[in-house]
Amino acid sequence: MRETVIKDLSFSYPGTDKLVLKDINMDVAEGEFVSILGQSGCGKSTLLRLLAGLEKQTSGEILIDGKPFSGPSLSRGVVFQDYGLFPWMTAGENIMLALRQRFPERDKKELREVAVNMLQSVGLDKGVYNKLPKELSGGMKQRCAIARAFGIDPPILLMDRVLAGQAELLLMDEPFGALDAVTRARLQDMVLELWRKQEPKKTVFFVTHDVDEAILLSTKIFVLGQSPSNVIFSCDIPSDGRPTR
C-alpha cells in the first residue's frame, strides 16, 4: 500500500530563522481524503507546496511509498485557489499542455478526446474546450483546473481515472474559497463523487479553513496551530459515520 509519511518536518524561508512549520508529523494511507484545517497564515498552503515539491523543507522528510522525493512531479496534481489557467490558452489547450507532458507517447487526437472527456466528467459542455478563461465564470474555471489535475492521473490527488498512470498525489489549496455558496456546494459534491468512484482511489490533500467542508469531504482531518505551526489535533472520520449534506 502506498503511504504518504511526513516525519518531523520543519520549514523556514531562505534567509530567515523564523519557522513557519515545526515538527509536522502525518501518516496517511493510500486513498485517504485528508483535509488540513487552520487559521489564515498558519502554513497550510506552505505545507501543500512542500508536498508538491515547490518548496524544500528545512528539516525532516516526506516519504511516498517509503521513498523521499525532491522537486515537482507529474505524479502530484495540484489545484490552486486561483485556478492556474494560462489566460492566452483556451480551456482545452490548458488541459492538453498538462496531458502532453504526462503522456508524451500518446497522439494529439487521443489526448484531445481525454481532455474533452475530463471536461464532461466535471459537468462542462465540450464547447468549453475552445473558450478562453476570460469567457468562463469562476466555477467553470475551477472545474477546468480540476479536470486538468484529474487528467494527468496522479495517485496522490486528484480523481476519476481516464488514462492509466503512475502518479501519487492530488493536492488542492482552498479550491472553492472564491466561489459562491451554491457553486461551492456543487463542486464539493462533484469532487467527492469523482474520488469515491476511483479504484484504486487517489490520495487527496485538501487545504481549507472551513470546518463544515472538511467534515463533509474527509476521511481524516489534521488541524494546524498558529505559527510556527504543528499538528494540534487530528481525527479519523469512519466511513459509516460520515455526514451528508
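Select serine 10 first, and you will find that serine 59 in strand S4 stands opposite this residue. The model you are looking at is a predicted one, in which local features need pLDDT of at least 70 and side-chain atom pairs count only at pLDDT 80 or more, while totals for chains, interfaces and linings use all residues. Residues are numbered from 1 along each chain as its sequence is written, and side-chain values use heavy atoms, with hydrogens and water left out.

Now widen the selection to strand S1 (residues 4–11) and strand S4 (residues 59–64), which run antiparallel and are joined by five bridges. Strands here are DSSP runs of E with at least two residues, helices are runs of H or I with at least four, and both are numbered from the N terminus; two strands pair if DSSP finds at least two bridges between them. Follow S4 onward to strand S5 (residues 67–68), with which S4 pairs in the antiparallel sense over two bridges. Isoleucine 64 has lysine 67 in S5 as its bridge partner, and in the hairpin between S4 and S5, which has two residues between the strands, aspartate 65 takes a positive phi near 55°.

**Aromatic rings**

Next, show the rings of Phe, Tyr and Trp (for Trp the six-membered ring), which pair if their centres lie within 6.5 Å, and which count as stacked with planes under 30 degrees apart, as edge-to-face over 60, and as tilted for the rest. The count by this rule comes to four aromatic pairs. Phenylalanine 11 and tyrosine 13 form one that is edge-to-face, at 4.8 Å centre to centre and with 80° between the planes. Phenylalanine 11 is buried at 1% relative accessibility, whereas tyrosine 13 is partly exposed at 36%; buried means under 20% relative accessible area, exposed over 50%, and partly exposed in between, with a 1.4 Å probe and protein chains only.

Move on to phenylalanine 33 and phenylalanine 206, whose ring centres are 5.9 Å apart with the planes at 40°, so this pair is tilted. The pair links distant parts of the chain, since phenylalanine 33 is in strand S3 (residues 33–37) and phenylalanine 206 is in strand S8 (residues 203–207), 173 residues apart.

**Serine 218**

Select serine 218, in the loop between helix H6 (211–217) and strand S9 (220–224), and notice that this serine is buried, with a relative accessible area of 0%. Its side chain makes a polar contact with the side chain of serine 35 at 2.5 Å. A polar contact is a pair of N or O atoms within 3.5 Å; within protein, one must be able to donate a hydrogen and the other to accept it, and residues adjacent in sequence count only if both atoms are side-chain atoms.

**Alanine 147**

Finish in helix H4 (residues 138–151), where alanine 147 has its place. Which residues is alanine 147 in contact with, leaving aside its neighbours within four places in sequence? They are Ile95, Met118, Leu119 and Val122, where contact means heavy atoms within 4.5 Å. Although valine 122 is 25 residues away along the chain, its C-alpha atom and that of alanine 147 are separated by 6.5 Å. Alanine 147 is buried, with a relative accessible area of 0%.
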